[in-house]
Amino acid sequence: MQWNNGFKISGAIATSSGICYFFKKHFNFVRASEFDNNNNVNNNNDDNAGLNGRSDLKLKHVQVYFRHGARTPIHVVPSLGEVSYSENDILGDVTKTLFDIQVVDLDAGGEPEVSPIQRSYEKRRLKGGGLPGSLTCYGQEQMFDLGRNMRQDYASFLPREFDPDDIYVRSTNIHRTIASLRCVLAGLYGSEELNAKGPITIPVSRTQSEILFPNGHNCPVVRQINHASMIHFDDIPGFKEDRKKLENILGIDSEHGSRKLNFIFVRDDIVARVTHGYPMPNIIKPFLDMIEKNAIKMMYYAFCGQSEAERKVGLRLTTGLAVGANLDRMEETVQGKRKHKMCLYSTHDSTLVALLASFDIFDHTWPPFAADLRLELYEDSNGRHWVKVLYCGKEQITRGNTKVLVPYEEFKENMKPMTIEKKEYDKICKSKILEEIANALLVHEKDEVEDEEDKEDSDKPAGM
């Protein structure tokens with residue numbers, strides 16, 4: 001596993017609240033992809049690039065999932081020494097991304113309620129006063145750049161003038177994803193154009209009906225799979241030994257009162273520091289590969305299960321509704337019933353890990369900030385439709401396929417087993433299916449009493 005050793009500094013960014021200064025540094029820990037926008041450039045200057053030289057193919061529809069931009073940490077490790085995240089340093093709004101938006105409840109209309117996940121962030125403040133999980137100035141720049149890249153990639157496909165009939169947008173009901181979508185739209189159209197057409201509506205779903213992240217709030221089976229990985233990670237081979245080794249180095253005594261060290265939490269703290277220019281504690285450097293390896297394994301298991309039997313169930317429950325909706329939108333386009341040229345979904349690393357696994361293109365690398373997954377639908381001169389999938393600008397060979405460019409019917413057929421209808425989803429979520437396929441997974445839950453922190457970590461998707 002290779003890490004970037006360079007060192008770079010970016011200048012100041014003007015914001016509506018003054019000047020937001022941040023430093024972009026490449027240290028040993030964070031992969032370049034964690035904060036390098038060049039990894040998100042598709043580099044397709046015309047719509048036919050990467051289509052096996054087929055000039056008869058015409059782009060008809062694009063769906064894009066993207067992870068939010070760089071954020072403050074959700075979790076901190078006090079023994080590493082906390083750093084300051086304040087409005088004067090890295091928080092605040094970047095002026096060029098600002099325009100009038102209206103966030104609405106997708107299910108009931110009107111102003112949405114604050115989600116339980118967002119409320120969990122607001123229970124405490126980081127050193128310096130910032131909220132955990134907040135999109136930073138640098139994160140806004142990343143998302144603005146992603147929008148500009150999409151404008152370049154789809155210049156001849158998507159009109160420069162904003163029209164809600166051309167583009168459908170949706171975000172999870174978390175402040176950083178809503179702000180990230182705002183920044184992408186600003187990069188795609190420009191804030192002046194959007195203000196002229198505003199307010200721009202951003203629909204969000206209630207937590208109970210959210211399909212844009214693995215949802216343990218409405219599905220006990222998803223929660224059980226997440227709980228096994230996030231709370232009982234010592235059951236994963238090798239984890240207990242690695243955890244104790246790291247705890248010993250950091251002076252944490254989990255045998256006598258302290259909480260067990262969670263590799264995802266450690267990674268979250270360090271990635272946020274390094275991304276925003278704070279130095280990495282020297283004491284942690286020898287263990288970076290171990291932390292990364294275990295954190296990504298925890299994330300994968302939290303959404304996909306720890307065995308093949310669980311995986312067949314888990315993936316359909318975590319992404320099946322979303323993938324089904326993607327296929328439905330493609331079908332509507334094929335049938336001439338969908339007017340939107342593009343759909344944008346502002347989501348999380350948890351969403352992308354599960355989706356990449358569902359498409360069978362997950363390479364066990366953590367999705368970087370501003371990572372994007374694109375589903376492109378084309379039509380040839382004979383009226384036949386084709387699909388191409390890209391992740392962070394790289395063409396992918398998806399589940400069951402042998403080529404990048406796939407006939408639409410084959411793509412649909414190969415992905416159909418990964419989808420699920422709402423009725424079946426509800427039935428499985430209420431079932432005892434995990435007891436039938438993985439008794440070992442649930443043995444620790446018998447008579448278990450969760451404390452408040454364990455309950456919160458089990459309710460939220462890993463990484464959120």
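Tutor: A residue counts as buried if its relative accessible area is under 20%, as exposed if over 50%, and as partly exposed in between, using a 1.4 Å probe and protein chains only. This is a predicted model, in which local features need pLDDT of at least 70, side-chain atom pairs count only at pLDDT 80 or more, and totals for chains, interfaces and linings use all residues. Residues are numbered from 1 along each chain as its sequence is written, and side-chain values use heavy atoms, with hydrogens and water left out.

Student: What makes Tyr300 buried or exposed?

Tutor: Tyr300 has a relative accessible area of 13%, and the cut-off for buried is under 20%, so Tyr300 is buried. Tyr301, at 18% relative accessibility, counts as buried too.

Student: Why is the pair of Phe239 and Phe263 called edge-to-face?

Tutor: Rings of Phe, Tyr and Trp (its six-membered ring) pair if their centres lie within 6.5 Å, and planes under 30 degrees apart count as stacked, over 60 as edge-to-face and the rest as tilted. The structure holds eight such aromatic pairs. In this one the ring centres of Phe239 and Phe263 are 5.6 Å apart and the planes stand at 90°, so the pair is edge-to-face. Both Phe239 and Phe263 are buried.

Student: Why is the pair of Tyr300 and Tyr301 called tilted?

Tutor: The ring centres of Tyr300 and Tyr301 lie 6.2 Å apart with their planes at 45°, so this pair is tilted. Ring pairs also link Tyr300 and Tyr301 with Phe362 into a cluster.
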